[in-house]
Amino acid sequence: MTDRPPGDEAPRPEDARFMAAALSIGRQGNGRTAPNPSVGAVIVKDGVIVGLGRTADGGRPHAEVAALAMAGEAARGATLYCTLEPCSHYGKSPPCADAVVAAGIARAVVAIEDPNPEVAGRGTRRMRDAGIAVVIGEGAAQATRDMAGHLTRMRFGRPFVTLKMAVSQDGAIGRRGAGQVAITGPETRRRVHLMRAEHDAIAVGIGTALADDPALTCRLPGMADLSPHRVVFDGDARLPPDAALMRGPAKAMGGVRGPTVITATDANPARVAALTAAGAHVVSVARHGGGRNGGGRLDVAAGLSALAAMGVTTLMVEGGAALAEALWAADLVDRAVWIEGPVALGGDDLICPFGGAGRARLAERLRLSHLSAIGADRWTFWQR
C-alpha cells in the first residue's frame with residue numbers, strides 16, 4: 001500500500017463493500033491462473049455492479065478485460081474495483097491500464113500495486129495521467145494474503161511455500177518402513193485434496209516418494225484436471241521411473257507437464273536419463289557441504305528458484321520430515337498447516353518432524369493465525 005498522491009480522492013463508504021466482492025471473485029481462480037495472479041475486478045455504476053471478472057484459467061484474459069467486456073458501454077463514467085494494479089506493459093495481451101482508459105472509467109480503486117518490475121506503479125500512473133481518479137489501499141491486507149504467491153515470486157524469486165504436516169497425537173507423521181499410515185479422517189483428506197487444487201504445485205521429498213508412492217493428484221469428483229504440478233526433491237535421482245506420481249493428471253508449468261524432479265548436479269547420469277525418458281523434467285542444483293550421493297544437502301533454495309522460473313507461484317509441501325527440516329533451516333516456509341489426528345501411533349520407530357518439537361518450532365518464526373476443527377482432526381494455521 002502506498003500513500004495517496006496529491007489529487008487522488010479519498011476512499012468512499014461503499015468502497016469496502018465492492019472491493020470485498022472483487023477479492024471474493026479473485027479467490028475463485030486460486031491455483032488456476034499461474035504464472036499470473038488470480039485478480040478480481042468489479043465495475044460499478046450508480047451503485048450497481050455492471051461488470052465483473054477474474055483472471056481466466058491459464059492467466060489470460062486478465063480480470064479487468066473480462067469485467068470491461070461484461071460492462072460494455074456502461075463502463076463509461078463508472079468505478080473500477082481491482083484487487084491488483086492493472087498491468088501497463090505489452091505481454092501476451094495489450095496493457096489493461098490502456099483498456100481501462102479507453103473504456104472511459106472515471107475512478108479506479110486498487111487494493112495493491114504490482115511489484116512486477118514491468119508494472120510497479122506504471123499502471124496507476126497511466127490511469128492518473130488520463131484523468132482517472134485513483135484510490136490505492138482499500139482491501140490491501142486481504143489482497144496481500146490472496147496474492148501472496150505472486151508477490152513472493154516477484155519480490156524474492158521463489159514460490160510462496162505452504163508446509164502441510166499431518167501428525168498423530170504423539171507428534172509422528174508415520175513409522176519407519178511402514179509406508180502410509182492413516183493419521184487423519186476422511187473429512188481432512190477431502191480438504192487436503194482441495195488444498196492441492198488451490199496450489200500451482202505440490203512437493204515431497206524422495207523419502208516420502210519411496211515410502212508412500214503417492215500420486216499427489218486431486219481426487220475430488222470432477223477436479224482431477226486441477227491436480228497440481230508435481231515436484232520431488234531427490235538429490236540422488238532415486239525416484240523410480242514407474243512411480244505413481246509419474247502418471248495421472250497434473251498442471252503444466254512453463255510448458256512442462258511433469259513431474260519435476262529436483263536433483264543434484266552430481267546425481268547418477270543413468271538415473272537422470274531414465275527419469276527424463278519416462279517423462280520427468282529434471283532440474284539439477286548444487287549441494288550444500290559438498291560430497292557425492294548424499295554427502296551434502298540439496299540446495300532447496302535453488303530448487304525453489306527453478307520452480308519460480310517455470311511459473312510456479314504457490315507450492316504446497318506435503319512431506320516428509322527431511323524436506324520440511326531443509327526448508328525450515330533455509331527460512332523458506334511462509335505458512336504452515338499443522339493437522340493433528342485423534343490417535344497416538346505409539347512405539348519407538350516413529351518419524352517425528354522437527355525432532356518432535358513440532359508446533360514449538362513453528363512458533364519460533366511464524367505467528368499463530370487461526371485454529372479450526374475438521375471432523376475429529378484439529379487444524380492449526382501459522383503464517384509468516
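**The sheet and some of its loops**

Reply: In this predicted model, nine strands make up an open sheet with mixed pairing. Their order is S11-S10-S9-S8-S14-S6-S15-S18-S17.

Me: Which strands stand at the edges of the sheet?

Reply: An edge strand has a single partner strand, so one side of it is left without a neighbour in the sheet. The two strands in that position are S11 (281–285) and S17 (367–374).

Me: What does the twist average from one strand to the next?

Reply: The twist is taken between one strand and the next. Its average is 20°.

Me: What angle does the direction of helix H10 make with that of S9?

Reply: Helix H10 (residues 300–310) packs on the sheet and touches S6, S9, S10, S11 and S14. With the direction of S9, the direction of H10 makes an angle of about 160°.

Me: Is leucine 216 buried or exposed?

Reply: Leucine 216 is in the loop between helix H8 (206–212) and S9, and its phi is positive, near 60°. A residue counts as buried under 20% relative accessible area. The value for leucine 216 is 2%, so this residue is buried.

Me: Where does proline 259 lie?

Reply: The peptide bond from glycine 258 to proline 259 is cis, with omega near 5°. Proline 259 lies in the loop between S9 and S10.

Key. Residues numbered from 1 in each chain as written. Predicted model: local features only at pLDDT ≥ 70, side-chain atom pairs only at ≥ 80, totals over all residues. Heavy atoms only, no water. Pairing = 2+ DSSP bridges. Helix = DSSP H or I, 4+ residues; strand = E, 2+ residues; numbered from the N terminus. Axes fitted to C-alpha atoms, helices over the stretch in contact; angles between N-to-C directions. Contact = heavy atoms within 4.5 Å. Buried < 20%, exposed > 50% of the residue type's maximum accessible area, 1.4 Å probe, protein only.
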